[in-house]
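Please keep the sequence and the model in view while reading.

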Amino acid sequence: MATIVLIMTLVVVFISTIVNFGFNDPNFWIRFIRGWILAFVIAFPIVVVIMPGLQKYFQKFVN
């Protein structure tokens with residue numbers, strides 16, 4: 001689960017940083033790393049807390 005969150009936040013923040021600041025921005029990597037850390041710190045607990053409930057909810061429809 002942590003790997004999925006890691007990859008998802010990495011890709012989203014990377015694309016978002018390119019769109020907002022451009023790849024040629026001298027602070028690109030600093031902005032990217034700062035944004036990725038913030039996104040991961042927010043996304044990981046949300047996935048850990050919400051994912052089990054969602055799995056149980058949708059399992060009712062699958063079975």
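## Phe58

Phe58 has a relative accessible area of 46% in this predicted model. Because the partly exposed class lies between under 20% for buried and over 50% for exposed, Phe58 counts as partly exposed. The residue is found in helix 2.

Phe58 can also be placed relative to Phe28. Along the sequence, Phe58 and Phe28 are 30 residues apart. In space, 40 Å separates Phe58 from Phe28, taken from C-alpha to C-alpha.

## Packing of the two helices

Two packed helices are described by the angle between their axes and by the distance between those axes. Here helix 1 covers residues 2-21 and helix 2 covers residues 28-62. The two pack at an angle of about 140°, and their axes are 8 Å apart. Helix 1 is therefore oblique to helix 2, an angle over 145 degrees being needed for roughly antiparallel. The crossing of helix 1 and helix 2 is right-handed.

Which residues of helix 1 and helix 2 meet? From helix 1 come Ala2, Val5, Leu6, Thr9, Leu10, Val13, Phe14, Thr17, Ile18 and Phe21. In helix 2 they meet Phe28, Trp29, Arg31, Phe32, Gly35, Trp36, Ala39, Phe40, Ala43, Phe44 and Val47. By class, the contact of helix 1 with helix 2 has 17 nonpolar, 3 polar and 1 charged residues.

## Two residues of helix 1

Val13 lies in helix 1. With a relative accessible area of 10%, Val13 is buried, since buried means under 20%. Leaving aside residues up to four places away in sequence, Val13 touches Phe32, Gly35, Trp36 and Ala39. One of these, Phe32, is 19 residues from Val13 along the chain, and the C-alpha atoms of Val13 and Phe32 are separated by 6.6 Å.

Thr17 also has its place in helix 1. Its relative accessible area is 6%, and Thr17 is buried. Not counting residues up to four places away in sequence, Thr17 touches Gly22, Phe28, Arg31 and Phe32.

## Gly22 in the loop

Where is the place of Gly22? Gly22 is in the loop between helix 1 and helix 2. With a relative accessible area of 21%, Gly22 is partly exposed, because buried means under 20%.

Gly22 touches Thr17 and Phe28, again not counting residues up to four places away in sequence. Gly22 and Ile4 are 18 residues apart along the chain, and 26 Å separates their C-alpha atoms.

## Aromatic residues

The structure holds 14 aromatic pairs. A pair of aromatic rings is described by the distance of the centres and the angle of the planes. For Phe28 and Phe32, the ring centres are 6.3 Å apart and the planes stand at 5°, so this pair is stacked. Planes under 30 degrees apart count as stacked.

Phe28 and Phe32 both lie in helix 2. They are 4 residues apart, about one turn of the helix. Phe28 and Phe32 are both buried. One aromatic cluster is formed by Phe14, Phe23, Phe28, Trp29 and Phe32.

Notes: Residues are numbered from 1 along each chain as its sequence is written. This is a predicted model: local features need pLDDT of at least 70, side-chain atom pairs count only at pLDDT 80 or more; totals for chains, interfaces and linings use all residues. Side-chain values use heavy atoms; hydrogens and water are left out. Axes are lines fitted to C-alpha atoms, for helices over the stretch in contact, and angles run from 0 to 180 degrees between N-to-C directions. Angles under 35 degrees count as roughly parallel, over 145 as roughly antiparallel, 65 to 115 as roughly perpendicular and the rest as oblique. A crossing is left-handed if the near helix is turned anticlockwise from the far one by less than a right angle, and right-handed if clockwise. Contact means heavy atoms within 4.5 Å. Ala, Val, Leu, Ile, Met, Phe, Trp, Tyr, Cys and Pro count as nonpolar, Asp, Glu, Lys and Arg as charged, and the others, Gly among them, as polar. Rings of Phe, Tyr and Trp (its six-membered ring) pair if their centres lie within 6.5 Å; planes under 30 degrees apart count as stacked, over 60 as edge-to-face and the rest as tilted. Buried means under 20% relative accessible area, exposed over 50%, partly exposed in between (1.4 Å probe, protein chains only).
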